[in-house]
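Take a moment to turn the structure around before reading on. We'll walk through it together, one stop at a time.

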Amino acid sequence: MLLQIEQECLDVYKRKVEQAAKSRAQLLQALSDAKLELSTLVSALGDKSFISIPETTLGTINEQLAAIAPALEQLLKQKEERVKEFSDVQSQIQKICGEIAGNASEQTGAPAVDESDLSLKKLNEYQVKLQELQKEKSDRLHKVLEFVSTVHDLCTVLGMDFFSTVTEVHPSLDDTTGVQSKSISNDTLLRLAETVSALNEDKKQRLHKLQELATQLIDLWNLMDTPEEERILFDHVTCHTSASVDGVTVPGALALDLIEQAEVEVERLDQLKASRMKEIAFKKQVELEEIFARAHIEIDPEAAREKIMALIDSGNVEPTELLADMDNQIAKAKEEVLSRKEILDRVEKWMSACEEESWLEDYNRDENRYNSSRGAHLNLKRAEKARILVNKIPGMVDTLVAKTRAWEEDRGISFSYDGVPLLAMLDEYAMLRQEREEEKRRLRDQKKYGEQQNTEQEAIFGSKPSPARPSGTKKVVGPRANGGTNGTPSRRLSLNATQNGSRSATKDGKRDSM
């Protein structure tokens, strides 16, 4: 029994020793694991200065474990917080990258955090990257909003549905979607840019079309003398005649239905124009005749009207072609007027000078011109100016001849004035002026000879009383109403009646008297 009890005690002792050894080994392993985890955490967090880590290895295993436990617990808590920070930053980075790439909806779950490096330096790198991505997102969002605003403005002007246009690019671009939820992907920006470009091109084409229609409307209105009441109905069309693409901002200004209305109106006026072709053609013929009349170019208006009637009645020419041909004739006539303007202005000055010359001759023949009658001082001033102007006539004629010859050499045709060659008129005037000068010289010689004879007779027989001048023979000096003293009004030197009214007859007569 004693031996058995002793054996049992030995067994109990052995078990106790084994349990103690086992427990010691477990404690040592726990201490080793704690130290390893502590070093791992310090390495991962990258900074051990902010926490006190025991360096001593003194004391029992339990004491060493108890010394390590607070630091280990604090480091584990810091690790948990740091992992959360990393996870938040990386989640935001992943989300923004997904928004930029356009696959944000495909991403599921939080990104995996590398727990081997949880240092503040690494966290700062992620935060810098996040700030860059946030700035890029802000810039992209600003661009998206600008594009959306531009699309809205263009759709408003073009009369298009903004909602369907913008949601066709991306559903998130609708106004009901929050700003931060709008798509900022490369694909969305590219499609928005393409949409804006397409709308701008559409706007440009519609404006060009509307301006063409407005020009046609104005031409047709002017052609047919359309009243102002009818024109006002299309002010919204004609107001953009000279507008730029960026200058058109009125809502619905370039809507398709508005352009269609203008097209319908142009078509209606075209049909009306065809029915009123004769009236319109004759109106253009009158305009052409007035241009030629102002330029003193002689034409046969009756023959022209008969030709127009024949063309319209025959039906061999399209109304538009006939009007285009007449517009071309009017344009050429205006060019002809411009080429003749300088010479015609000089002719007008020459004729005015000739009129003054004729008046001066009448004034000089009036023996009572120096009497103190009413208006005598005005006639005297006019006579002084007329003498200065008359002295310039030879220079005017020489310059006019040189200009006319240069014009004829350049054009290869004769310069006619109301059907008469201008050079022939100037030559005839020069001859008449020379004859007048010779006549004046002869009259002066004759008067001088008569006065000499009277002097000789008075010396022989004595002076005789001069006969009294008959009463009522006083001559009124001033502008003449009709014709000159030596002839009737001539067509050759006449001015166009539409320009000078009743003056033409006065000028004609006086010029012929030269």
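**A walk through the structure**

Let's start with Arg 140, which touches Ile 100, Ile 184, Ser 185, Asn 186 and Leu 189, leaving aside residues up to four places away in sequence. You'll find Arg 140 in helix α3, which covers residues 120-158. Is Arg 140 buried or exposed? Its relative accessibility is 11%, and the cut-off for buried is under 20%, so Arg 140 counts as buried. Keep in mind as you look that this is a predicted model.

Now zoom out to the whole protein. How many helices and strands does the protein have? The secondary structure comes to 16 helices and two strands. The protein has 514 residues, and buried residues make up 32% of them. What about contacts along the chain? If you take the contacts between residues at least 6 apart in sequence, 75% of them join residues at least 24 apart.

Here's one pair of residues to look at with that in mind. Ala 274 and Thr 320 are 46 residues apart along the chain, yet their C-alpha atoms are separated by 8.4 Å. Ala 274 sits in helix α8, residues 256-275. With a relative accessible area of 42%, Ala 274 is partly exposed.

Next stop: salt bridges. A search of the whole structure turns up 19 salt bridges, and we'll visit a few. Begin with Lys 84 and Asp 88, whose side chains meet in a salt bridge at 3.5 Å, N to O. Both residues belong to helix α2 (residues 61-101), and they are four residues apart, which is about one turn of the helix. How open is each partner? Lys 84 has a relative accessible area of 54%, and the cut-off for exposed is over 50%, so Lys 84 is exposed. Asp 88 has 37%, which means that Asp 88 falls in between and is partly exposed.

Lys 122 pairs with Glu 125, and their closest N and O atoms are 3.9 Å apart. The two residues both lie in helix α3, three residues apart, again about one turn of the helix. Lys 122, at 29% relative accessibility, counts as partly exposed. Glu 125 is partly exposed as well, with a relative accessible area of 41%.

The next salt bridge links two helices. The side chains of Glu 361 and Arg 436 meet at 3.2 Å, N to O. Why does this pair tie together parts that are 75 residues apart in sequence? Because Glu 361 is in helix α11 (residues 319-365), while Arg 436 is in helix α14 (residues 422-461). Both Glu 361 and Arg 436 are buried.

Which residues form a negative surface patch? They are Glu 228, Glu 229, Glu 230 and Asp 235. Helix α6 (residues 228-232) gives the largest share of this patch, three residues. Take Glu 230, which is in helix α6. Glu 230 is partly exposed, and its relative accessible area is 37%. A residue needs over 30% relative accessible area and no salt bridge to be part of a patch, so the 37% of Glu 230 clears the area cut-off.

His 296 isn't a glycine, but it has a positive phi of about 60 degrees. You can find His 296 in the loop between α9 (277-294) and α10 (301-314). His 296 counts as buried, since its relative accessibility is 4%. Asp 418 isn't a glycine either, and its phi is positive too, at about 55 degrees. This residue lies in the loop between β1 (416-417) and β2 (420-421). Asp 418 is buried, with a relative accessible area of 15%.

Key
Residues numbered from 1 in each chain as written. Predicted model: local features only at pLDDT ≥ 70, side-chain atom pairs only at ≥ 80, totals over all residues. Heavy atoms only, no water. Buried < 20%, exposed > 50% of the residue type's maximum accessible area, 1.4 Å probe, protein only. Patch = residues over 30% accessible without salt bridge, like charges linked within 9 Å, V, L, I, M, F, W, Y side chains within 5 Å. Areas by Shrake-Rupley, 256 points an atom, 1.4 Å probe, with all protein chains shown as cover. Salt bridge = Lys/Arg side-chain N within 4 Å of Asp/Glu carboxyl O. Lys, Arg positive; Asp, Glu negative; His and termini not counted. Charge placed at Lys NZ, Arg CZ, Asp CG, Glu CD. Contact = heavy atoms within 4.5 Å.
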